[in-house]
Amino acid sequence: MSRKEVAKLAGVSEATVSRVLNNVGPMKEETRKRVLQAAAQLGYVPNALAQQFARRKSGNIGVVLPFVPKVHLFSTYYFSEILSGIGETAKRCGYDLLLIFREPDGARDYAKLFRTQKIDACIVLGSQNVPEERAALAELKEGGFPFCLVNQRYDEEQYETVDADHFDGSKEAVRHLVEQGKRKVAFVNGPAQYSNSADRLLGYKAALSEASIPYEEQLVYVGNYSRKSGYELAGRMAEGIHAGCIDAVFAGNDRMAIGLIQGLRELELEAGQHYALVGYDDSDGSRIISPRLSTVAVPFYEMGRIAAARLLDSSSRNPSSDTNLDILPVSFINRETS
């Protein structure tokens, strides 16, 4: 079947058929329905490559990921869940994923991906509040290119963003430890260039203040969200536990918490026995490590799904909404380490 036959049956021009099938330009609803009914009746399926060429579209949604040497990125719970959510929506909307790895010190010319027609929309994961990143995002905004950030906010900018309520999650985690009678709660946070690190620190401080426990800066440690960084903090933590300066630890993610468990175990200190511990993410590792890790569940899959829907699925947009930010709720999960 040809487009010409669809046009004849619908009583319209071939150009009108093209506009309807490509969803381009204003169109009377009656005309649109007539063309679609004619196409369905004739079993006409337009060639996808021809459609993309006509629209000057790639059919790809780009996902920018950090390139971390010697790290199996797709095996990490955080990235695999978000990518699964993005992929589900992309497939439903007829798009493919194009993964773009960002070198730590490399150029961040995200706009070039649009100018060269490699992608039609872009989701940025692992965005950092550094000058190079801010410049790249500003260029996208100025160029009118559709993009969305996941798990990173720039509150002074009007960027499409999907985040989780890390302030509330951290507050609930520390509140739980305090309710167990803990008064010396150490905090292992991530790097300051991530907005979620700032949110967790504020939640930690709020929970302490709520319990009339003074904030002690020496009880705040910084890792890089890797298991290794948690493991490397074990020696310093052990000194605090033995001295009675630490009776509980809140870790900014499960990977650092698991590294801490392993490092402290080598020093004959057991989570849930010698100190309480809460992680963050509710990753697969939190459920299989022994003892099982108390943690905060974050809906990463939903975050990815919603980010893609904001860009690709017009039915998910609320025209009356004046917000460019979705913040999803999190929930505390009590297991054996606290």
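Biologist: Why is F114 called buried?
Modeller: Its relative accessible area is 9%, and buried means under 20%, with exposed over 50% and partly exposed in between (1.4 Å probe, protein chains only). F114 is therefore buried.

Biologist: And what makes F145 partly exposed?
Modeller: F145 has a relative accessible area of 22%, so it falls in the partly exposed class.

Biologist: What should I keep in mind about the model?
Modeller: It is a predicted model: local features need pLDDT of at least 70, side-chain atom pairs count only at pLDDT 80 or more, and totals for chains, interfaces and linings use all residues. Residues are numbered from 1 along each chain as its sequence is written, and side-chain values use heavy atoms, leaving out hydrogens and water.

Biologist: How many aromatic pairs does a search of the whole structure find?
Modeller: The search finds eleven. Rings of Phe, Tyr and Trp (its six-membered ring) pair if their centres lie within 6.5 Å; planes under 30 degrees apart are stacked, over 60 edge-to-face, and the rest tilted.

Biologist: Why is the pair of F114 and F145 called stacked?
Modeller: The ring centres are 4.7 Å apart and the planes stand at 20°, so the pair is stacked. This pair links distant parts of the chain, 31 residues apart: F114 is in helix α6 (residues 110-115) and F145 in the loop between α7 (131-142) and β4 (147-150). Helices (H or I, at least four residues) and strands (E, at least two) are DSSP runs, numbered from the N terminus.

Biologist: What makes F187 and F250 a stacked pair?
Modeller: They are 5.2 Å centre to centre, with 5° between the planes. F187 lies in strand β6 (residues 185-189) and F250 in strand β8 (residues 248-251), 63 residues apart.

Biologist: How do you know that the charged end of R200 sits over the ring of Y280?
Modeller: A charge sits over a ring if NZ of Lys or CZ of Arg is within 6 Å of the ring centre and within 35 degrees of the ring normal. The charged end of R200 is 4.2 Å from the centre of the Y280 ring. Likewise, the charged end of R227 sits over the ring of Y231, 5.9 Å from its centre.

Biologist: How do you know that the length of helix α8 agrees with its 14 residues?
Modeller: The expected span is 1.5 Å times one less than the number of residues. For α8 (residues 166-179) that gives 20 Å, and the end C-alpha atoms are 20 Å apart, so the two agree. Buried residues in α8 include A173, V174 and L177.
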